[in-house]
Amino acid sequence: MSRKNILALFSLVAGLALAPSAAMAQQEQSFRLGLITPPVHVWNQEVAALGETLQERSDGRFSITAYPSGQLGNEATMLQQLQTGALDMAWLTTAELTFRVPDMAALHAPFLVTNIADAARVFRSDEAREILDALPRATGTVGLCYAMIGMRQMVMRNPIDSAEELRGQRIRITPAPPISRFFEMFGAAPAPMPLPAIYDALANAQIDGLDMDYESIINFRYYEHAPYLLETNHHMFGMVALVSVRRWAQLSEEDRELVSDAMQLHCDRTIDRFVEEEEDKLDRLREASGIRITEGVGPEFFGDIVERWDAEWAERTPYVARLRELVASF
Ligand code: BEZ
């Protein structure tokens with residue numbers, strides 16, 4: 001469904017019982033927006049900038065109150081809050097949404113792309129946008145746009161020279177079935193855990209490593225306890241900017257367009273920043289953290305993992321084949 005159709009669909013909903021009164025439309029409104037990342041993160045910086053954009057474009061009627069670092073609970077809790085209308089907006093990972101929208105799993109297909117520029121192209125594709133159509137029914141939210149973080153790497157406590165050495169290793173992952181299956185398929189023991197819990201788990205040796213992007217490795221200083229990085233780029237990692245359907249239906253058509261355009265601007269800026277800064281972040285890690293990097297670890301390191309993962313997940317969603325086809329056309 002196109003953005004225009006999403007706006008039209010919700011005009012219809014809003015035209016029913018929840019139509020905003022003229023007085024309501026003039027009221028100042030602060031949208032409560034939750035996210036799991038800390039204030040220093042690019043997402044949080046763009047959410048702050050989104051607040052400014054909304055204020056400017058609405059002549060001061062709209063603003064954002066951000067709840068960072070999972071203050072309102074983990075992503076599953078925030079999704080429930082969006083569904084009940086207790087929360088207005090959230091920037092949530094595509095990983096969390098795979099629990100409710102099986103097609104989202106295709107965005108976590110292992111080695112779907114080999115670099116972050118192609119990841120950006122996938123998140124901006126019609127195919128990815130179509131996947132958002134399932135959100136209102138499955139989650140009670142409207143997905144306005146995608147953004148992302150950097151490509152995911154493996155950061156380990158001990159040196160790793162072969163996939164065999166990863167067998168039995170407890171590796172922290174973002175909770176999500178498609179990510180979990182990838183790690184199980186080469187014999188690791190995936191440990192699903194929300195972002196704020198990781199540092200202590202690593203410091204206390206409850207985990208042997210993690211699946212992570214450069215931005216978070218730097219922000220959270222994971223290299224202090226996991227100084228060996230396998231540069232795998234094994235999956236891309238998306239974010240969806242969500243609005244509660246209940247909140248959306250209270251906005252006039254004009255205001256929905258205003259919010260949607262502002263959100264798109266900051267989704268796009270987030271994507272562009274990750275693409276532009278990825279190389280530099282790797283250099284910073286190399287130079288400043290003392291981390292030891294094994295470069296260019298590709299799918300062949302993991303044997304026939306792509307074929308096995310695809311065979312399993314293609315049964316659950318046609319988007320595995322569609323996204324592989326899309327990437328082959330780049
Ligand atoms: C994670 O769960 O690994 C994660 C979530 C959001 C941003 C960065 C990392």
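Reader: Which domains does the lining of the largest pocket draw at least three residues from?
Author: Keep in mind that this is a predicted model. The lining takes at least three residues from each of domain 1 (3-149 + 237-278) and domain 2 (153-235 + 281-328).

Reader: What volume does the largest pocket have?
Author: About 220 Å³.

Reader: And how many residues line the largest pocket?
Author: There are 20 lining residues. Ile36, Thr93, Arg172, Thr174 and Leu195 lie nearest the pocket's centre.

Reader: How do the residues of that lining divide into nonpolar, polar and charged?
Author: The lining has 9 nonpolar, 6 polar and 5 charged residues.

Reader: New topic. Where does the ligand sit?
Author: In the largest pocket.

Reader: Which residues are around the ligand?
Author: Among them are Ile36, Thr37, Trp43, Thr93, Arg152, Arg172, Thr174 and Asp213. By class, the shell has 5 nonpolar, 4 polar and 3 charged residues.

Reader: Which domains does that shell draw on?
Author: Domain 1 (3-149 + 237-278) and domain 2 (153-235 + 281-328) each give at least three residues to the shell.

Reader: How far is a polar side-chain atom of Arg152 from an oxygen atom of the ligand?
Author: That distance is 3.0 Å.

Reader: What about Arg172 and Thr174?
Author: An N or O atom in the Arg172 side chain is 2.8 Å from a ligand oxygen atom. For Thr174, a polar side-chain atom lies 2.9 Å from an oxygen atom of the ligand.

Reader: How much of the ligand's accessible area does the protein cover?
Author: The protein covers 98% of the 260 Å² that the ligand has on its own.

Methods: Residues numbered from 1 in each chain as written. Predicted model: local features only at pLDDT ≥ 70, side-chain atom pairs only at ≥ 80, totals over all residues. Heavy atoms only, no water. 1 Å grid on protein atoms, 1.4 Å probe; cavity = no way out; pocket = protein on both sides within 12 Å on 5 of 7 lines; lining within 4 Å. Points joined across faces, edges and corners; volume = space filled by probe spheres on them. Nonpolar A, V, L, I, M, F, W, Y, C, P; charged D, E, K, R; others polar. Domains from an automatic or database assignment. Near = heavy atom within 4 Å. Polar contact = N/O pair within 3.5 Å; in protein donor to acceptor, adjacent residues only side chain to side chain. Areas by Shrake-Rupley, 256 points an atom, 1.4 Å probe, with all protein chains shown as cover. Sits in = over half its atoms within 2 Å of the grid points.
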